[in-house]
Each structure stands twice: as C-alpha cells, then as structure tokens.
Amino acid sequence: MENNNHKILALKYRPKTFQSVIGQDIIVETITNSIKLNKLPNAYLLTGQRGVGKTTLARLIAKGINCNKNFLQGEKCSEEEFCHCKEISNSTHLDILEMDAASRTGIDDVRELIESSKYNPTSAKYKVIILDEVHMLSKQAFNGLLKTLEEPPTPRLKFIFASTEIKKIPVTVISRCQRFDLHRVSVKDLLENLKKILKMENGKISNGALILIAKAAEGSVRDSLSLLDRALVSQTIEEKEINENFVRKMLGIADRSKILNLLHFIFQGDQKKSVMQLREMINEGIEPTNFLNDLLEIIYFIQQKKNIGNLNSDLSISESEQETINLISNDVSTSTLIVFWQLILKVLDELSIV
C-alpha cells in the first residue's frame, strides 16, 4: 500500500527544543541564558552555511520568549491549553511573522513590515519578525530598517535575521543586532545524530556508509539527513543493508584505496597504470569535485604523516591505507606535495567558474 504520509527526514527531525539542536552548544547556551535573565536584544542575527540550524533556532527563540510554560526546560503544554509553540511550529501564529527576504526585497515590503510592527502583539508576549535570507534585501530596504532596529516602536517587538552571506549585510545593520555565527557541525556530531535517527527509522546502513554520508554533508545537518533519506529509500526497495560501496556510487565518491593507488602510480611516474586506474574510477561514475577534494584530503594525510608521523582524523583509515600512505610519504618530497596541492586547488577554482 502506498504511503502518502511520508515526511522527509530533514523536516521530520527538525529540532523542537533547544536541547535537541546539535553542534551549536555555546550559542544555544548564550541564547537560553539571555531569555532566562530577560536580557533580550532588539534584533538577533544568525549567520552560517546552509543547513546548520539558522531558521530552526529563529523559531526556537520565538517559542522561548513566548511560551506559557518553561520551554527552556522542555516543559510541554497539555492538549487542553492554548499553546503558542504549536502555532509557531505550524507557521500559523498571528504575532510571529516569518518572511523570505529573497522574494520580498524592496523598500515597499519593508515599509509594510515597519507599519505592522507598530502594533502590539495580539496574544503573545512578543511580536517576532523572522527575516530569512536577509542579505537579499535592497540597500534602500536595509536603510529603511535602521531606525526601527535601533528604537523599536514597542518594547514587545523582536527581529530575528538569518543569512548565509554576512558580507552582503551593511555594517550599520550588523551593529544594531546581536550576532551569532553558527559553525559547521563536526563529522562526529553528525554521525551520532544519523545513528540515532537510523535507529528510530529502523534502517539498515553500515557504520562505514554512515561515516561517508556524514563527511559528504560538509557540516550541514540538513544535507546529512537528505543523503540519509536517499540511502534509506534504496534500502527499503532492496531490503538489505546499505554498505560503503553503495554510498560511494550514490555520491560519486571513489574508493580511497583507489585514489591512493592512483597517487602512488603518479609519484612513481607510471603513466600507463595511472591512466588505467583513473579510467576505472571514471567508469564507476566518479564526480570530479568530490574526486579532487578526496585527493586534497589524501595529500593532507601524506603531508601529516611526513611532518608529524601521526594520522588522526574524523574518519578511520584502514591499515592497508596507512601502509600506502607511509610508502608514498617516504618516496615523495614536501615540495612535490605542495605543487600537487596548488594544482588541485587551481583546478577546483576553474571548475567553479565553468
């Protein structure tokens, strides 16, 4: 029977409390302390790359300052009680305005926003205006906001801005906000989160495959869950455990041992074997940018082995891979590694232009 109620994992497991936000402990602690002490800024500015929790944190702040119960401690309202949190989660609360600045960039949109901000909230303690992708606003729109940010028409008005590109926001706006820079989530934290969700979803994915997914997410919680979703769909159809090889093919990532062999052949000057190894990887559907990033990672490992003599990383390196890295590090000079590093960076730069 077809399941029409399937909800993508990134939405299904979106944090509903401050305690369930992963990888942003210091920022969460600072925000919750300011709410406890009732020392709230006029405007919050949440910055960071995609999928690290900016919009989620904005909604949690709106809940934290408006909840009738002790939201900070995870206290829930009963079914009979009116709950601000539920309406905020469903984006139906009249006093919590969530707007996409990318689609409403002009001064007229901001004038409309400022006009509505003059009125006190209808039922909540604070009226909260959440502006997502705020860097998309025009220069005039930003200037129109300045006075309202510095001196809100009512003390019960709070702004929360979210942006992936902080450099596009005028300094005059940034200086009027309390800024929080959300950083990339570590592979370790992503892996723990994926394991927890996998258990709840009753999925069968090997630990090595989960490590690859956590690494490919590049510090984004949302990306890691989207990739897990893709893998679980395949597992549901095949009904067998998803392994590393499947995830490598799914993501277009080459087996690290093959990249090590390729580098070994290159450093030995064996042109025939190098070309054969590269062709084999291309036939397996390797993705160019992933391949170059993997090359950079291995050159970093070789350099680390050469200079420090120790291989510590988020991802486990097998004994056979360590042997190959040791072998290459003994034969290749630091200057050659630097040349390869610079060449790969140059190619990556040109790929981004194409």
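Strand 1 and strand 5 (residues 178–181) run parallel and are joined by 4 bridges. In this pairing Leu 46 stands opposite Phe 180 of strand 5. The model described here is a predicted one.

**The sheet**

Strand 1 also has a partner in strand 4 (residues 157–163), again in the parallel sense, with 5 bridges between them. Here the bridge partner of Leu 46 is Ala 162 of strand 4. Leu 46 therefore stands opposite Phe 180 in strand 5 and is bridged to Ala 162 in strand 4, by the rule that two strands pair if at least two bridges are found between them.

These pairings belong to an open sheet of 5 strands with the order 2-3-4-1-5 and parallel pairing. Its edge strands are strand 2 (96–100) and strand 5, each of which pairs on one side only. From one strand to the next, the twist averages 15 degrees.

At the other end of the strand order, strand 2 and strand 3 (residues 127–132) run parallel and are joined by 5 bridges.

Helix 5 (residues 107–117) touches strand 2, strand 3 and strand 4, and its direction makes about 165 degrees with that of strand 3. Helix 6 (residues 139–150) touches strand 1, strand 3 and strand 4, and its direction makes about 135 degrees with that of strand 4.

Are the residues of strand 1 buried or exposed? In strand 1 (residues 43–47), 5 of the 5 residues are buried. This holds for both faces: Ala 43, Leu 45 and Thr 47 lie on one side, Tyr 44 and Leu 46 on the other, and all are buried.

Strand 3 is likewise mostly covered, with 6 of its 6 residues buried. One side carries Lys 127, Ile 129 and Leu 131, while the other carries Val 128, Ile 130 and Asp 132, all of them buried. The buried residues of strand 3 thus include the charged residues Lys 127 and Asp 132.

**Helix pairs**

| Helix pair | Axes come within | Crossing angle |
|---|---|---|
| Helix 12 (residues 256–268) and helix 13 (residues 271–283) | 8 Å | roughly 155 degrees |
| Helix 9 (residues 207–216) and helix 11 (residues 244–251) | 8 Å | roughly 25 degrees |

Because of its crossing angle, helix 12 is roughly antiparallel to helix 13; angles over 145 degrees count as such. The crossing of these two helices is left-handed. On the helix 12 side the contact is made by Lys 258, Ile 259, Asn 261, Leu 262, Phe 265 and Ile 266, and on the helix 13 side by Lys 273, Ser 274, Gln 277, Leu 278, Glu 280 and Met 281. Sorted by class, this contact has 6 nonpolar, 3 polar and 3 charged residues.

How do helix 9 and helix 11 lie, and which residues meet there? With angles under 35 degrees counting as roughly parallel, helix 9 and helix 11 are therefore roughly parallel to each other. Their crossing is right-handed. Helix 9 contributes Gly 208, Ala 209, Leu 212, Ile 213 and Ala 216 to the contact, and helix 11 contributes Glu 244, Val 247, Arg 248 and Leu 251. By class there are 6 nonpolar, 1 polar and 2 charged residues in the contact of helix 9 with helix 11.

**Two residues with positive phi**

Most residues other than glycine have a negative phi. Glu 133 has a positive phi, near 50 degrees, and is not a glycine. Glu 133 is found in the loop between strand 3 and helix 6. Its relative accessible area is 23%, so Glu 133 is partly exposed.

Asn 202, also not a glycine, has a positive phi of about 55 degrees. Asn 202 lies in the loop between helix 8 (187–200) and helix 9. Is Asn 202 buried or exposed? Asn 202 counts as exposed because its relative accessibility is 65%, and the cut-off for exposed is over 50%.

Definitions and conventions
Residues are numbered from 1 along each chain as its sequence is written. This is a predicted model: local features need pLDDT of at least 70, side-chain atom pairs count only at pLDDT 80 or more; totals for chains, interfaces and linings use all residues. Side-chain values use heavy atoms; hydrogens and water are left out. Buried means under 20% relative accessible area, exposed over 50%, partly exposed in between (1.4 Å probe, protein chains only). Axes are lines fitted to C-alpha atoms, for helices over the stretch in contact, and angles run from 0 to 180 degrees between N-to-C directions. Angles under 35 degrees count as roughly parallel, over 145 as roughly antiparallel, 65 to 115 as roughly perpendicular and the rest as oblique. A crossing is left-handed if the near helix is turned anticlockwise from the far one by less than a right angle, and right-handed if clockwise. Contact means heavy atoms within 4.5 Å.
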